[in-house]
Structures are given as structure tokens and as C-alpha cells.
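Please keep the sequence and the model at hand while reading.

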Amino acid sequence: MLIAFASSDGKTIDSHFASAPRFEMYKFTGGPQGIIHTSLSSEDMMESNDKVDVRLRMLKECAIVYCTQIGGPAAARLVQCGIHPLKVPVGAEIVDELNKLNKLLLSKKLPPWLKKKVGDC
């Protein structure tokens, strides 16, 4: 399962979805390698007329996208693409959110939306 975090510093979730300079991507592999990390940024993101569309194309493989804010129409477009948006407070640590998600996945007590995501992966 691929997870993205809107971040400007690579450590905290501190960006609005539509204005995030980059996304930190983490893949839960379920295998011995654990979690794989990469950063994803694009020069096109700042210059495009439709910032949401550019981000949707970049994040199309993600199951969940964490951000500090997201507009209603952008959230609806994410959901239509099968991506679940999650808002967290500015400055939330990426590692803390990864740990929370990992604990939730291990608990097997998943909310319906996450159960569907795990089933799709």
C-alpha cells in the first residue's frame, strides 16, 4: 500500500494538498523489507493551471494522502480516483503517522474505508 504525505521538509506534514511542494511516499510492503521511502516532486506542480490534476496524476498509485488542508472539490476528486485523503494538524510528524497506521494495520480492527484499501492492494 502506497501512502503519500504533503511535506516541505520531508519530516512533517505541513502543506495544503494543492500547494504542497512535494510528497513523501512510503510503501508498506508486507514483506521483510518493511517500508520503502521515496520523495516525489515535480517542477510542473507549481506551473500548472490545474494543480489538483497534476497531483492526481502523480499520486495515482496511492491509497492514502495525508495533508494539512484540502478543498472539498479536490477531496472528492481524490476519492473518485480511489485515494483516501486524511487531514492532520500542521507539523504532525510523518514517522508518528506511519507508526499509527502500522499499529492500526497490525490490529486487524480496521475502519471500513481502510479495510477496503487493504483489500484492494
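What percentage of the contacts in the protein with a separation of 6 or more comes from residues 24 or more positions apart? In this predicted model, such residues account for 49% of those contacts.

## Overall architecture

The protein contains seven strands and five helices, and, read from the N terminus, its elements follow the order β-β-β-β-α-α-β-α-β-β-α-α. Of its 121 residues, 40% count as buried, while the accessible surface amounts to about 6800 Å², with 54% of that area belonging to carbon and sulfur atoms.

## Strand β1 and its partners

Strand β1 pairs with β3 in the antiparallel sense through six bridges, and with β5 in the parallel sense through three bridges.

## Nonpolar cores

The largest nonpolar core has 20 residues, and the members that touch the most others are A4, F17, F23, L59, V65 and I70. Two or more residues are given to this core by each of β1 (2-7), β3 (22-28), α2 (51-58), β5 (64-67) and α3 (72-80), with α2 providing the largest share, namely four residues.

The surroundings of F17 can be set out in some detail. Leaving aside residues up to four places away in sequence, F17 touches F23, V52, R55, L59, V65, C67, Q69, I70, A74 and L78.

## The aromatic cluster

Across the whole structure, a search finds three aromatic pairs. One of them joins F5 and Y26, and it is classed as edge-to-face because the ring centres lie 5.7 Å apart and the planes stand at 80°. Since F5 belongs to strand β1 and Y26 to strand β3, this pair ties together parts that are 21 residues apart in sequence. F5 also forms an aromatic pair with Y66, which is stacked, with 4.6 Å from centre to centre and 25° between the planes. Here F5 of strand β1 meets Y66 of strand β5, so the pair ties together parts that are 61 residues apart in sequence.

F5, Y26 and Y66 form one aromatic cluster. Both F5 and Y26 are buried; F5 counts as buried because its relative accessibility is 0%, and Y66 is likewise buried, with a relative accessible area of 5%.

## Cysteines

How many disulfides does a search of the whole structure find? The search finds zero. A disulfide is a covalent bond between the sulfur atoms of two cysteines.

Is C62 buried or exposed? C62 counts as buried, because its relative accessibility is 5%, whereas C81, at 46% relative accessibility, counts as partly exposed.

Definitions and conventions:
Residues are numbered from 1 along each chain as its sequence is written. This is a predicted model: local features need pLDDT of at least 70, side-chain atom pairs count only at pLDDT 80 or more; totals for chains, interfaces and linings use all residues. Side-chain values use heavy atoms; hydrogens and water are left out. A disulfide is a pair of cysteine sulfur atoms within 2.5 Å. Buried means under 20% relative accessible area, exposed over 50%, partly exposed in between (1.4 Å probe, protein chains only). A nonpolar core is a set of buried Ala, Val, Leu, Ile, Met, Phe, Trp, Tyr and Cys residues joined through side-chain atoms within 4.5 Å. Contact means heavy atoms within 4.5 Å. Accessible areas come from the Shrake-Rupley method with a 1.4 Å probe; for residues, only the protein chains shown count as cover. Rings of Phe, Tyr and Trp (its six-membered ring) pair if their centres lie within 6.5 Å; planes under 30 degrees apart count as stacked, over 60 as edge-to-face and the rest as tilted. Two strands pair if DSSP finds at least two bridges between them.
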